Structures are given as structure tokens and as C-alpha cells.
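Reader: I would like to learn how to read the packing of side chains in a model. Could you take me through it step by step?

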Amino acid sequence: MQYTKLFGALALAVWLLAVSTVQAHAPFEGSVPKDGATLSAEEVPEQFELKFGHTLRLTSAVLRRHEGEAVSLETPNRPASEHSLALPELAPGHYVVQWRGIAADGHVMSGSVEFTVAAR
Ligand SMILES: [Cu+2]
């Protein structure tokens with residue numbers, strides 16, 4: 001009986017921890033351009049947008065061109081659920097944006113988005 005109660009209390013504690021952790025995170029909800037997108041030369045964006053389910057402070061975002069140099073994108077140093085980053089002029093090629101941020105609960109998050117700018 002005692003063991004059953006103890007086990008039940010432990011299971012509840014683990015479940016509550018799991019639920020609070022999931023809710024506290026700032027889930028990645030997408031970007032513009034989308035991951036895997038292929039853009040025509042006419043669609044080349046001037047901004048890179050990131051969207052999260054909760055507020056997150058972006059600490060860095062780096063744009064890399066395939067076999068090319070890495071460029072740091074300026075990140076607004078404030079918590080927000082949507083971020084819009086100015087892009088340099090993009091020549092045709094394959095690009096990767098690697099971002100890092102800190103969610104409101106202090107968890108470090110990171111991810112990357114790849115897209116291609118097609119040649120004319
Ligand atoms: Cu978290």
C-alpha cells in the first residue's frame with residue numbers, strides 16, 4: 001500500500017515536470033523562407049523571419065552560403081515570439097541559417113533552416 005502511494009506520487013511528480021517543461025519551452029513554429037524552400041531570383045527575401053510558440057531571446061543567427069563565408073545576422077536583443085532579421089543581398093546558391101536563443105525559462109535552444117536561391 002505504502003509503495004503504491006509512493007509510486008503514484010513519483011509518477012505524478014514526473015508527469016508534472018514533463019508537462020511544465022514542454023509548456024515552458026519556446027517551440028519553433030517555422031520560418032520565412034521555410035526550411036527546404038527553393039526561391040526564384042524574383043522571390044529573394046530581404047528579411048529572414050523566425051516564429052516561436054513562446055517568447056525567446058535570439059542570441060545569434062549566422063547565415064552561411066554553401067562553400068562560402070559565414071555572415072552574422074543582427075539579432076534584436078529582446079525577447080519576442082517573432083523575429084525579423086535583415087539579410088544581405090543573396091546571390092543564387094544554397095544557404096543555411098543557424099540560430100541560437102534562450103527561451104523565457106532559461107533553456108538554450110538552437111536550430112537551422114536551409115533554403116536555395118535558384119539561378120535565373
Ligand atoms: Cu524550456
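**Reading a packed side chain**

Author: Phe 48 touches Ser 31, Val 32, Pro 33, His 83, Ser 84, Leu 85, Leu 87, Val 97, Val 113 and Phe 115, leaving aside residues up to four places away in sequence; contact means heavy atoms within 4.5 Å. This is a predicted model, in which local features need pLDDT of at least 70 and side-chain atom pairs count only at pLDDT 80 or more, while totals for chains, interfaces and linings use all residues. Residues are numbered from 1 along each chain as its sequence is written, and side-chain values use heavy atoms, with hydrogens and water left out.

Reader: Is Phe 48 buried or exposed?

Author: Buried means under 20% relative accessible area, exposed over 50% and partly exposed in between, with a 1.4 Å probe and protein chains only. Phe 48 has 0% relative accessibility, so Phe 48 counts as buried.

Reader: How are the rings of Phe 48 and Phe 115 arranged?

Author: A pair of aromatic rings is described by the distance of the centres and the angle of the planes. Rings of Phe, Tyr and Trp (its six-membered ring) pair if their centres lie within 6.5 Å, and planes under 30 degrees apart count as stacked, over 60 as edge-to-face and the rest as tilted. By this rule the count is five aromatic pairs. The centres of Phe 48 and Phe 115 are 6.4 Å apart with planes at 20°, so this pair is stacked. Phe 115 is also buried, at a relative accessible area of 0%. For Phe 52 and Trp 99, the centres are 5.0 Å apart and the planes at 80°, so that pair is edge-to-face.
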